[in-house]
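Reader: I would like to go through this model feature by feature. Please give the general idea each time, and then the case at hand.

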Amino acid sequence: MTAAPILPERHEWTVDDLGNLPKDLPYELINGRLTVPSPTAVHQDFCVRLLLALEVDHPPGRPARHGRRAIG
């Protein structure tokens, strides 16, 4: 699994700019704008199942925490 890349800020992209990006991620260049597709249905399904599995053992009435932030 590849982490989402941090892309450089550009007002307009060219085909030459794409050569500097990671090769293992899908990109589209549409009218000078770089488009990165949304996660797949399989990815979304996995995230929902993971959330539901974590909630099973979570004490009711207490928000889940990630670091110092409450989740949900």
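Reader: How many salt bridges does the count come to?

Author: A salt bridge here is a side-chain nitrogen of Lys or Arg within 4 Å of a carboxyl oxygen of Asp or Glu. By this rule there is one salt bridge. This is a predicted model, in which local features need pLDDT of at least 70 and side-chain atom pairs count only at pLDDT 80 or more, while totals for chains, interfaces and linings use all residues. Residues are numbered from 1 along each chain as its sequence is written, and side-chain values use heavy atoms, with hydrogens and water left out.

Reader: Which residues form the salt bridge, and how far apart are the closest N and O atoms?

Author: Arg49 pairs with Asp45, and their closest N and O atoms are 2.8 Å apart. Helices (H or I, at least four residues) and strands (E, at least two) are DSSP runs, numbered from the N terminus. Arg49 and Asp45 are about one helical turn apart, because they lie four residues from each other in helix H2 (residues 41-56).

Reader: Is Arg49 buried or exposed?

Author: Buried means under 20% relative accessible area, exposed over 50%, and partly exposed in between (1.4 Å probe, protein chains only). Arg49 has 55% relative accessibility, so it counts as exposed. Asp45, at 38%, is partly exposed.

Reader: What share of the residues of the protein chain counts as buried?

Author: Of its 72 residues, 8% count as buried. The protein chain has two helices and four strands, and the order from the N terminus is α-β-β-α-β-β.

Reader: Which residues form a nonpolar patch on the surface?

Author: Patches are made of residues with over 30% relative accessible area and no salt bridge; like charges are joined within 9 Å, and nonpolar side chains (Val, Leu, Ile, Met, Phe, Trp, Tyr) within 5 Å. Accessible areas come from the Shrake-Rupley method with a 1.4 Å probe; for residues, only the protein chains shown count as cover. The patch consists of Phe46, Leu50 and Leu54, with about 320 Å² of accessible area together. Phe46 belongs to helix H2 and is exposed, at 52% relative accessibility.

Reader: Where is Asn31 placed?

Author: Asn31 sits in the loop between strand E1 (28-30) and strand E2 (33-35). Its phi is near 50 degrees, a positive value in a residue other than glycine. Asn31 is exposed, with a relative accessible area of 76%.
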